[in-house]
Amino acid sequence: NFRADRKMIDPVELAGFVLSLAMVYCNIKEIHWGWPLAIASSALYGVVFWNSQLYGEASLQVMFILAAGWGWQQWLRGTQASSTEPTPSHQLRISTLSSLERKQVAIVTLLLWPVLVYFLDNHTDSDVALWDGLVTALSLLGQYLLAKKKIENWWVWLIVNCITVGLMALKSLWLTAGLYVIFAILSYVGVNAWRKQHAQ
């Protein structure tokens with residue numbers, strides 16, 4: 001039993017676990033170094049998920065790496081929509097989505113989900129295409145909202161993390177399942193932290 005338990009802990013998964021926790025901490029504290037940590041952890045988890053037949057999740061890591069580069073640039077030099085110059089008073093700050101923006105992102109996500117499920121069903125041997133597709137669609141939304149410093153990103157990540165706990169448990173990736181339980185808790189912490197920052 002001891003040997004079996006040891007085999008369950010993949011060193012690549014463990015490294016991704018540690019870097020992912022550091023990344024979320026940086027995101028909550030608005031530290032831009034969270035983005036390069038996201039690139040590193042996504043590369044590691046891309047390998048883990050591919051080996052576990054979670055192809056949507058694995059492909060998502062590639063998109064995360066690309067999005068993280070853009071998100072990093074947004075946090076360093078991004079501006080508010082009302083400004084064209086990155087002056088201190090107009091640098092990207094925490095904000096919320098408008099009613100129209102909420103409808104737009106909801107529609108895009110609902111349209112993307114079946115497209116991803118179709119792709120996974122027909123071009124991979126995924127046995128969890130429905131849920132894998134949903135997590136992938138929501139994660140892309142969460143990444144976009146995080147890059148734009150929208151408070152709603154934390155609610156999206158909370159949903160993603162709760163679903164992913166089940167997916168990881170199904171694939172016996174217990175360390176990663178535990179990570180996403182922590183992520184779910186940190187998502188709620190992130191909502192409250194960003195709300196306070198926004199109120200100030």
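Which residues of the largest nonpolar core touch the most other members?

## Core

Phe49, Met168 and Trp194 touch the most other members of this core, which has 42 residues. A nonpolar core is here a set of buried Ala, Val, Leu, Ile, Met, Phe, Trp, Tyr and Cys residues joined through side-chain atoms within 4.5 Å. Buried means under 20% relative accessible area, exposed over 50%, and partly exposed in between (1.4 Å probe, protein chains only). Two or more residues of the core come from each of helix H2 (11–28), helix H3 (34–51), helix H4 (55–77), helix H6 (129–147), helix H7 (153–170) and helix H8 (174–199). Helices are DSSP runs of H or I with at least four residues, numbered from the N terminus.

Met168 is in contact with Phe49, Leu54, Leu173, Thr176, Ala177 and Tyr180, leaving aside its neighbours within four places in sequence. Contact means heavy atoms within 4.5 Å. In soluble globular proteins, nonpolar side chains tend to be buried together.

## Basis of the model

The model is predicted: local features need pLDDT of at least 70 and side-chain atom pairs count only at pLDDT 80 or more, while totals for chains, interfaces and linings use all residues. Residues are numbered from 1 along each chain as its sequence is written, and side-chain values use heavy atoms, with hydrogens and water left out.

## Cavity

The count comes to 1 cavity of 30 Å³ or more, and the largest cavity has a volume of about 390 Å³. A cavity is a set of points, on a 1 Å grid over the protein atoms alone, where a 1.4 Å probe fits but cannot get out; lining residues have an atom within 4 Å of a point. Grid points are joined across faces, edges and corners, and the volume is the space filled by probe spheres set on the points.

The lining of the largest cavity consists of 28 residues, and Met23, Phe64, Trp157, Tyr180 and Phe183 lie nearest the centre. At least two lining residues are supplied by each of H2, H3, H4, H6, H7 and H8, with the largest share, 7 residues, coming from H3. By class, the lining has 15 nonpolar, 12 polar and 1 charged residues. Ala, Val, Leu, Ile, Met, Phe, Trp, Tyr, Cys and Pro count as nonpolar, Asp, Glu, Lys and Arg as charged, and the others, Gly among them, as polar.

## Salt bridges

There are 2 salt bridges, each being a side-chain nitrogen of Lys or Arg within 4 Å of a carboxyl oxygen of Asp or Glu. Lys149 forms one with Glu30, the closest N and O atoms being 2.9 Å apart. Lys149 lies in the loop between H6 and H7 and Glu30 in the loop between H2 and H3, so this pair ties together parts that are 119 residues apart in sequence. Lys149 is buried, at 7% relative accessible area, whereas Glu30 is partly exposed, at 26%.

Arg102 and Glu152 also meet through their side chains in a salt bridge (3.0 Å, N to O). Because Arg102 lies in helix H5 (residues 99–123) and Glu152 in the loop between H6 and H7, the pair ties together parts that are 50 residues apart in sequence. Arg102 is partly exposed at 45% relative accessibility, whereas Glu152 is buried at 12%.

## Two further buried residues

Leu138 is in helix H6 and is buried, with a relative accessible area of 13%. Not counting residues up to four places away in sequence, Leu138 touches Thr109, Val156, Ile159, Val160 and Ile163. Leu138 and Val160 are 22 residues apart in sequence and 6.5 Å apart in space, C-alpha to C-alpha.

Ser52 is in the loop between H3 and H4 and is buried at 15% relative accessible area. Beyond its neighbours within four places in sequence, Ser52 is in contact with Lys171 and Leu173.

Methods: On a 1 Å grid over the protein atoms alone, a cavity is a set of points where a 1.4 Å probe fits but cannot get out, and a pocket is an open set with protein on both sides within 12 Å along at least five of seven lines; lining residues have an atom within 4 Å of a point.
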